[in-house]
Amino acid sequence: MPDETPKPADTISLTIDGVTVSVPKGTTVLQAAEKAGLDVPRYCYHPGLTIAGNCRICLVDVEKMPKLATSCTTLAAEGMVVRTGGEKVEDGRRAVMEFLLANHPLDCPICDQAGECRLQEYSFQHGSGGQRFVEERIKGFKQKPVGTHIVLDTERCIVCTRCIRFCDEVTGTGELGVFQRGAFSYIDTFPGRGLDNPYSGNTVDICPVGALTLKEFRFKKRVWWIKDVPSVCGSCARGCSVNLGTADNTIYRLTPRENPRVNKWWMCDEGRLSIHAPAPGARLGHAMARDNGEQAVIDHPVALERLAARLKAARPGGVGIIASASLTLEDLWMVRRLAAECLKDARVVVPEVRRGEDDAILIRADKTANRKGAEMLGLPLDTGDASLAALLEDARAGSIEVLLVLGHPIDGPVKSPGGAPFVCAALTHAGGLADAADLVIPTAAYGEFEGTWVNFAGHAQRVRRGLVPTGIALDVWLLIAELMRSMGVPVRFASSADVLSEIASKCEAFRPLAIYGGPVKALGAQGVTL
Amino acid sequence: MSGPLLRVGVRFAPSARDLSPEALGKIDEAIARYPEKRSALLPALWIAQQEQGYCAPRAQEQIAQKIGVSPAFVASVVSFYTMYHTQPVGRHVIDVCTTVSCWLRGSDALVGHLEKTLGIRVGETTADGRFTLRTVECLGSCGTAPMCQIGDDYHEDLTHDRIDAVLEGLR
Amino acid sequence: MGALKEKVLTLNVSHADQPAIDAAMKRGVWSRLPKALSMGPDALIEEIKKSGLRGRGGAGFPAGVKWSFMPKQPVKPSYLVVNADESEPGTFKDRLLMERDPHLCLEGFLLGAWAIRASAVFIYIRGEFVAGWKALDRAIAEARSKGFIGKNVLKSGWDVDVILHRGAGAYICGEETALMESLEGKRGYPRLKPPFPAAHGVYGNPTTINNVETLACVPHIVERGAEWFASIGREKNTGPKLYCLSGHVKRPGVYEAELGVPFETLFEEMGGGLLDPSRRLQAVIPGGSSAAVMTPAECAGLTMDFDSLAAKGSLLGSAGVMIMDDSVCMVRACERVLKFYAHESCGQCTPCRIGADWIHRIVARIEAGGGTPEDPGTLMSVCDGMVGKTICVFADAAAIPAKSFVTKFRDAFDEHIMRRACPLLLAPAGARG
């Protein structure tokens, strides 16, 4: 029975490779083909940028049009019949590929783009497989730094202008332009100036070839060894969806993952390069205790026992907990439970970390990953550092006996000259507070823990583990669960997903995650706005 | 195949000289002539070149600010058009047409004669800063070939003697 | 046959005092403006349609039809853009009109603007044409002082401004959409079409782009009528036409004749035949270098109009007629033509950016004695790869002539390849001479 539901007035139907597809008016043939599941080759087209139509690889055969048409510039029309394959189209693509490769250097063996290069892919699929261009090649700039993080190779460049359009349209900074003309066209910056906007790294992502490369990633790893783990950036409250590019139990690079509701296709340089930021000290893998003035490694169960004992012995109101606003929902939920079920009048502070201003694109001044999540869980948020300062002062004065610091490395002295309070630092790296603490418990670092973060706008996303944690470093929620068991409360979760399920059932704000199939399924790849 | 190495690259001669208030004023006038100010970019570059002899980077930055575009945009426009210089040039720039009709009427020999007479190759400037020699494409004077343009003027129906006389008169 | 009974476009170019407005007006210039104003724009468009006036910039598109695409009730300001970027090799007719009869040109521009209800005329003149620029600049000031340009022109209620804009050296800015980009202060990159200029032109406003010579015909049509114009030439190829003769011809220059003048009349009678009568004619480029080259056999009996030349596989184009005698090495001639296109490609889209340079390099290599037997085939194939796949027709303008040289003068190419030198020159190929 043919479908007789009336179509909305502004949709049209067209046939692509025999498949009929309905699209809204204003859709291009290339986008319509994507909707039909067909991947038309493209270099200069990018959904986040204006249409350029200059690479000419997306040529398709439209019935009744005498010449091949670029599908990225051709609007889909009612009743159009399109072929994305066939001899005429393949001839056209072969010609374009030949032109692109004519002056192109044979850099594949040393080019970072190898393995994720569209020239390689489309040559393989549509190229002629030979080289008829025997003329002398035009020389360009190789390895030219054009910014703090970006290296330019104009010989590899196919002048698709994606990078220029990005700097013009997304960041509005316009650092790049095409210089000269004809076969001598090349991309560059104004003499003496660089490509130094806070989002410069995105030009490397969108460059379809190896013309723009990231200095911090150059020659580090061939991409076919890298396993991409979908996760979330933790450098600010935006929570851009990212891929952890992992190999050798290391994150070699962060790249943005498309998410229409959070970061579209982009991420900022600070987030991208956070994996290269220098650590305050060595990575912690074992618990340590300070006996007789020196820190020494102790067994993990021993550490937990000591901490439990100190907490039990503290008088009501004598325990302070500093919980980082970058802990996951699961971590923070357990903090709430610990304070409610095992402690009396514990003072919990979630410190604020702000730097600079929110910008109009992605960057948030709030440099924590889950402050909104902490708020939604009902934890007390610090504004400025009022509560944190008060807590630390009380700790030094002696009215706080035990200070439990979870994931928030504090600058400056915490202990009074007399030695109060007892400080337990659950951190990822040595240095600073960890060196001064009485008890150190290692926690899972970025990429090692699994959990949920909620960004400033209430969008919750799943943060995924891509690395095996160092030593006995634990997710904070798991650490607290073990601690609570040591203190006599029978807590058992098989995974962080179970913790999230409990949150969804007990905390009103997270009710939308309580679906059949579980909250992780609810979050999916791109998260849920709560 | 003989020929110079094929290499990209515009060389912008550095500069720290600001445009004069008069030049900036002329640019403002140019902006006022158009419905949209971005159209004044080419006129502004002509004004800068007239004053400083070439489109210097500092002037480009000032123009970028007035027009409301980025400096890189201005530089990319400068490098697209052959009449804007990115380096200082001789007092007189000799542009010899070498396209088909002029070639048919002896432009190759004319270029050779000029190279020999001036003692420089195409693209170079005489040591005394008097002449820069360039070859250009069709100047729209095919009926009076061979010919060249020096500054504002066309010099047509050239013979080697005629061009010698023209150069003699240019200090 | 083919010669005009009286000059039309070039009637006043030899008068030294002609550029001044008073002298021009004494000879009738500007008298057509009041007539057109009272006719009204629509009647003017009809008259131009009836006259059969076709664009003289290169494409030969009917001018009246082009004007009819413009909105009759403009919501945004409409613009007339005059394409005075004359850069097609072999062409120098617009320059003559602008330098010697700027008021005729201006009058034509104003009439065109009136027909399309434009509120401004942008004249885009190539940067090299300083004399023409100065002549037009002076003429505009004079016309303004007489009330022909400005607010309430001749009390018609029509406000129109004229903006004279200099280019800066780029052939591609003669392409109408690249011209608009350049006018908007950018690199001269042709635009994607659709949208077409009448819908989305300068600043996104409805725009018509016309060639100087095309518009210079309009005052004459207004004065003497469409029938008179259509009585010159032949069906669908009407009116007087300026032809540019250059190369190995005795009397190079601009010649005005009927559109469709026989080649022999133009070349032998008007141009005086070959520069060196002891030589033979070897090749003719009939319509600017973007037109396919023609052999003497193809030129026999040829009438120089749009349709006849298209039927012979070439173009009238800009009517830049370049004569080559048998002293010319056709491979070298091809190289020289392709060097132009390699230099002038804007570089925006892949096939032309790489292809225009590539085909030049192949021919240059053949010319210098480094050609191989595969080269002609590769060259033809690369040309085919360029045609029909680009944003504008520049690629076709390079590829089609290239193919015509190789096809029609194949022997010259084969000899270069076989002998590894130019057979025509005594000196080794590639040396100056």
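Q: Which residues in H14(C) meet which ones in H18(C)?
A: This is a predicted model, so to speak of it with care: local features need pLDDT of at least 70, side-chain atom pairs count only at pLDDT 80 or more, and totals for chains, interfaces and linings use all residues. Residues are numbered from 1 along each chain as its sequence is written, chains are lettered from A and ligands numbered from 1 in the order in which they are written, and side-chain values use heavy atoms, with hydrogens and water left out. Met330(C), Val331(C) and Cys334(C) in H14(C) meet Ala412(C), Phe413(C) and His416(C) in H18(C), where contact means heavy atoms within 4.5 Å. Helices (H or I, at least four residues) and strands (E, at least two) are DSSP runs numbered from the N terminus.

Q: What classes do the residues of that contact fall into?
A: The contact of H14(C) with H18(C) has five nonpolar residues, one polar and no charged. In this scheme Ala, Val, Leu, Ile, Met, Phe, Trp, Tyr, Cys and Pro count as nonpolar, Asp, Glu, Lys and Arg as charged, and the others, Gly among them, as polar.

Q: At what angle do the axes of H14(C) and H18(C) cross?
A: The axes of H14 (residues 330-344) and H18 (residues 410-419) of chain C cross at roughly 100° and come within 8 Å; axes are lines fitted to C-alpha atoms, for helices over the stretch in contact, and angles run from 0 to 180 degrees between N-to-C directions. The two helices H14(C) and H18(C) are therefore roughly perpendicular to each other, given that angles under 35 degrees count as roughly parallel, over 145 as roughly antiparallel, 65 to 115 as roughly perpendicular and the rest as oblique.

Q: And H3(C) with H6(C), how do their axes cross?
A: For H3 (residues 41-51) and H6 (residues 102-115) of chain C, the axes come within 8 Å and cross at roughly 115°, which makes H3(C) roughly perpendicular to H6(C). Pro41(C), Leu44(C) and Ile45(C) of H3(C) make the contact with Leu111(C), Trp114(C) and Ala115(C) of H6(C), and by class this contact has six nonpolar, no polar and no charged residues.

Q: Switching to interfaces, how many residues of chain C and chain B are in the contact?
A: Chain C contributes 60 residues and chain B 41 residues, and the area buried between them is about 4,300 Å², with carbon and sulfur atoms giving 59% of it. Buried area here is the accessible area (1.4 Å probe) that two parts lose on being put together, summed over both.

Q: What about salt bridges and polar contacts between chain C and chain B?
A: The rule finds five salt bridges across that interface, a salt bridge being a side-chain nitrogen of Lys or Arg within 4 Å of a carboxyl oxygen of Asp or Glu. Asp152(B) and Lys134(C) meet in a salt bridge at 3.4 Å, N to O. There are also 24 residue pairs in polar contact between chain C and chain B, both residues at pLDDT 80 or more; a polar contact is a pair of N or O atoms within 3.5 Å, where within protein one must be able to donate a hydrogen and the other to accept it, and residues adjacent in sequence count only if both atoms are side-chain atoms.

Q: Which element gives the most to the side of chain C that touches chain B?
A: H14(C) gives the most, with eight residues, and that side of chain C divides into 29 nonpolar, 16 polar and 15 charged residues.

Q: How does chain A meet chain C?
A: In that pair, 33 residues of chain A are in contact with 31 residues of chain C, and about 2,600 Å² is buried between the two chains, 55% of it from carbon and sulfur atoms. The rule finds two salt bridges across this interface, and Glu344(C) forms a salt bridge with Arg181(A), the closest N and O atoms being 3.1 Å apart.

Q: Within chain A, what does the pair Lys415(A) and Asp438(A) tie together?
A: Their side chains meet in a salt bridge (2.5 Å, N to O). Lys415(A) lies in the loop between S18 (402-406) and S19 (422-427) of chain A and Asp438(A) in the loop between H11 (433-436) and S20 (439-442) of chain A, so the pair ties together parts that are 23 residues apart in sequence.
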